[in-house]
Amino acid sequence: MAFDWRNPERVVPWKPRQRFHLSALGHAAAESYQSTVLAAQRSASQRTELDRAKQAWADGLKLRPMDGIMLDELVAGRTCLAEMKETLAACGLTLREARGALDRLRAAQLIEPLETSERS
């Protein structure tokens with residue numbers, strides 16, 4: 001595949017309605033993210049600690065802190081961007097940022113495309 005200067009994190013192209021699911025690595029990363037968030041919420045300075053903890057989690061996986069939100073969405077059973085629309089709006093994430101997050105999660109092998117032979 002040729003390099004896409006508009007989206008340098010793109011692993012392989014995927015369709016706008018592509019569905020994804022967590023890989024085994026993704027399940028472990030999601031558990032790590034959730035425990036990191038819970039631990040930060042118990043600290044005295046929650047906001048500061050939460051930002052620091054999310055950054056540390058992301059750095060360890062070569063991701064961005066917001067990618068954890070997308071991972072949580074997949075854990076919750078949402079498999080495509082259309083199903084994540086409400087959360088994206090609530091978090092102030094653009095569609096471009098969400099696509100980038102999915103690309104990074106895919107590059108890190110935390111998610112895989114859900115292959116379906118039948119239409120849902």
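**Reading the model**

Analyst: Ala-28 lies in helix 1; helices (H or I, at least four residues) and strands (E, at least two) are DSSP runs, numbered from the N terminus. This is a predicted model, in which local features need pLDDT of at least 70, side-chain atom pairs count only at pLDDT 80 or more, and totals for chains, interfaces and linings use all residues. Residues are numbered from 1 along each chain as its sequence is written, and side-chain values use heavy atoms, with hydrogens and water left out.

User: Is Ala-28 buried, partly exposed or exposed?

Analyst: Buried means under 20% relative accessible area, exposed over 50%, and partly exposed in between (1.4 Å probe, protein chains only). Ala-28 has a relative accessible area of 45% and is therefore partly exposed. Its C-alpha atom is separated by 8.7 Å from that of Leu-110, 82 residues apart along the chain.

User: How many helices and strands does the protein have, and which pattern do they follow along the sequence?

Analyst: There are 5 helices and 2 strands, arranged in sequence as β-α-α-α-α-α-β. Of the 120 residues, 37% are buried. Contact means heavy atoms within 4.5 Å; among contacts between residues at least 6 apart in sequence, 67% join residues at least 24 apart.

User: At what angle do helix 1 and helix 3 pack?

Analyst: Axes are lines fitted to C-alpha atoms, for helices over the stretch in contact, and angles run from 0 to 180 degrees between N-to-C directions. Helix 1 (residues 24-41) and helix 3 (residues 67-75) pack at about 115°, their axes 10 Å apart. Angles under 35 degrees count as roughly parallel, over 145 as roughly antiparallel, 65 to 115 as roughly perpendicular and the rest as oblique. The two helices are therefore roughly perpendicular to each other. Gly-26, Ala-29, Ala-30, Tyr-33 and Gln-34 of helix 1 make the contact with Gly-68, Ile-69, Leu-71, Asp-72 and Val-75 of helix 3.

User: Where is Glu-73 placed, and which residues does Glu-73 touch, not counting those up to four places away in sequence?

Analyst: Glu-73 is in helix 3, and its 8% relative accessibility means that Glu-73 counts as buried. Leaving out residues up to four places away in sequence, Glu-73 touches Arg-78, Glu-83, Met-84 and Thr-87.

User: How many disulfides does the structure hold?

Analyst: A disulfide is a covalent bond between the sulfur atoms of two cysteines. With the criterion of a pair of cysteine sulfur atoms within 2.5 Å, the structure holds 0 disulfides. Cys-80 counts as buried at 6% relative accessibility, whereas Cys-91 counts as partly exposed at 40%.
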